Amino acid sequence: ERLPRWLQRLVEIGALPSDSDELRARKAVLVLSSTLMASMSCIWVATYAWLGLWVSAAIPFSYQVASAASIYTFARTRRYVLFRESQLFMSLALPFALQWSLGGFETSSAVCLWAITSPLGALLFVGARQSIPWFAAFVGLVAVSAAIDPALSPGAPDIPQGVVVTFFAFNILGVAMTVYALLQYFVRARERELTDLAREHHALGLERA
């Protein structure tokens, strides 16, 4: 199955003619994930701005601006490593920064869950061994968050319970859907690659016959 034309053009903005099919798929998934998470950040920006939590609203807004800038730069320069590392860093650090600004795990609805996309992304985009430091950083930031949570919670803003519960559901489902959609795209791209390779081998076999 092929993506809609406009989406296909988006995910191919950093592709080079010399790219292998696997590298092309990795670039596409990274562009897609960056665009998807930046788009969903509108929910946090709007909600926390509505509640008057301007610092907390500014963090996801900064992510949107930085992501847009990095995607634009990637489209112009095709510097994949810079684009990849900046996106992995932002997706790791900013969810924790947002959680700390909101007073910890409970009032932030454990928004740090989004940071798991960083080591998982590193696993897809960089490789198994190179993803280990990213996962270790995620574990370390969770541990730091747990350690400072008692100090943060007394100063937590008064967020309506309905918002907290809704965001808990959104964070869990959002992370799950994002990871699933990206793995779906990557796996489908690999399946198409294997199918095309099998067809080439079959055609070559017919020619030799």
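**Exercise 1.** How many of the nine residues of helix α5 (residues 117-125) are buried?

*Solution.* Let's start with the ground rules. This is a predicted model, where local features need pLDDT of at least 70, side-chain atom pairs count only at pLDDT 80 or more, and totals for chains, interfaces and linings use all residues. Residues are numbered from 1 along each chain as its sequence is written, and side-chain values use heavy atoms, with hydrogens and water left out.

Next, the terms: helices (H or I, at least four residues) and strands (E, at least two) are DSSP runs, numbered from the N terminus. Buried means under 20% relative accessible area, exposed over 50%, and partly exposed in between (1.4 Å probe, protein chains only).

Now the count: seven of the nine residues in α5 are buried, so the helix is mostly covered. Among them are Pro-119, Leu-124 and Phe-125.

**Exercise 2.** Decide whether Thr-178 is buried or exposed, and find what it touches.

*Solution.* First, locate Thr-178 in helix α7. Its relative accessible area is 2%, so Thr-178 is buried. Finally, look for contacts (heavy atoms within 4.5 Å). Leaving aside neighbours within four places in sequence, Thr-178 contacts Leu-36, Met-37, Met-40 and Trp-114.

**Exercise 3.** Find the salt bridges in the structure.

*Solution.* Recall that a salt bridge is a side-chain nitrogen of Lys or Arg within 4 Å of a carboxyl oxygen of Asp or Glu. There are two. Asp-19 pairs with Lys-27 at 2.9 Å, N to O. Arg-84 pairs with Glu-85, with the closest N and O atoms 3.1 Å apart. Then check accessibility: Arg-84 is buried at 13%, whereas Glu-85 is partly exposed at 29%.
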